[in-house]
Amino acid sequence: MARLLLGTRGSALARTQSEWVANVLRNTFADLSVELRIITTTGDRVLDVALSAVGDKGLFVKELEQALLAGDVDLCVHSAKDMPTATPSGLMLSAFPMREDPRDVLVVRHADVGADLATLPTGARIGTSSLRRASQLRYYRPDLHLTDVRGNVDTRLRKLAAGQYDALILAAAGLRRLGLWDGTPGASIGEALVYPLDPSVMLPAVAQGILAVETRTDDETTNRLVAALDDSAARTAALAERAFLRRLEGGCQIPVAAHAVLTESGLHFRGMVGALDGSTLVFAEQVGDPAQPEAVGITVAEAVLAQGGEAILAAIQSQQEAQR
């Protein structure tokens with residue numbers, strides 16, 4: 001029986017996502033054994049500092065890629081939104097399985113807190129470590145009190161239940177994959193209630209809801225097996241959104257958002273760059289050729305830069321250099 005070693009982080013969500021990939025492979029190839037190997041990343045070790053202050057994208061990826069390059073594992077499963085836009089030499093993103101719900105959700109401590117951004121009470125305490133989410137929240141609701149929150153989904157929900165926050169902003173995909181939310185607006189997790197945020201109000205992170213399966217370029221056997229996981233719509237969206245981010249040279253230290261959707265008219269892409277203080281959000285969108293997803297993403301990035309995004313990014317870079 002053939003065997004694959006799958007590298008994954010140890011969080012409940014990472015293991016759930018990786019086990020899902022492993023089960024699809026096992027069910028597709030009856031003579032295949034897939035074993036998970038837990039690898040601790042920098043992002044898992046540093047839990048008391050905001051991600052934007054720790055470093056750039058790659059905090060949840062680097063050690064997995066090192067294990068893959070060393071031949072300690074045959075494939076790795078990542079949340080695509082955590083990945084740098086450049087893949088190390090010798091590695092490739094060989095599959096993007098079907099995309100889960102890409103939206104963010106508002107998780108309120110109890111019903112009196114509100115059901116959307118508009119109904120949150122003045123001064124409500126919102127937990128988020130994402131500069132992207134914070135920028136959009138500050139733009140729409142500058143009266144809210146935003147506080148960093150780290151830890152896995154269960155940890156964040158416990159902090160919410162304990163009253164440290166009035167609400168959290170989380171990724172819908174994580175809650176759905178963990179079986180905590182079925183997608184129904186107002187459904188409960190304990191006493192907390194979950195409300196999806198429309199992308200027109202809270203544009204998602206690049207590749208949010210998409211898994212990326214990474215392998216070695218020269219491992220023909222694994223690449224052939226993993227190809228069964230690839231979903232064309234997810235791949236198209238991932239390539240477009242990652243190209244947008246790459247053109248902006250953005251990471252977790254810059255408020256960047258994007259959402260690509262295949263429609264009858266083509267690939268509808270909307271991208272954003274925001275100021276750290278939420279004073280300005282710059283959006284651009286286009287319907288382009290799905291056969292050229294990276295070109296679509298780059299075109300929208302160029303439009304964002306031309307319409308004010310370049311000035312925002314320069315201001316952020318200047319601020320970061322002053323803090324060093």
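Start by selecting Tyr139, which is partly exposed with a relative accessible area of 41% (buried means under 20%, exposed over 50%, and partly exposed in between, using a 1.4 Å probe and protein chains only). You are looking at a predicted model, where local features need pLDDT of at least 70, side-chain atom pairs count only at pLDDT 80 or more, and totals for chains, interfaces and linings use all residues. Residues are numbered from 1 along each chain as its sequence is written, and side-chain values use heavy atoms, leaving out hydrogens and water.

Tyr139 sits in helix α5, residues 131-140 (helices are DSSP runs of H or I with at least four residues, strands are runs of E with at least two, and both are numbered from the N terminus).

Next, select helix α1, residues 12-28. Colour Ala14, Gln17, Ser18, Val21, Ala22 and Leu25, the buried residues of α1. They lie on the same side of α1, because their arc around the axis is only 135 degrees. Show what covers them: the elements include β1 (2-8), β2 (32-38), β3 (75-79), α7 (172-177), β11 (211-216) and α8 (220-226).

Last stop: Ala207, in the loop between β10 (192-197) and β11. Ala207 is not a glycine, yet has a positive phi of about 65 degrees. Is Ala207 buried or exposed? Ala207 is buried, with a relative accessible area of 0%.

Key
Expected span 1.5 Å × (residues − 1). Arc of directions from axis to C-beta. Contact = heavy atoms within 4.5 Å.
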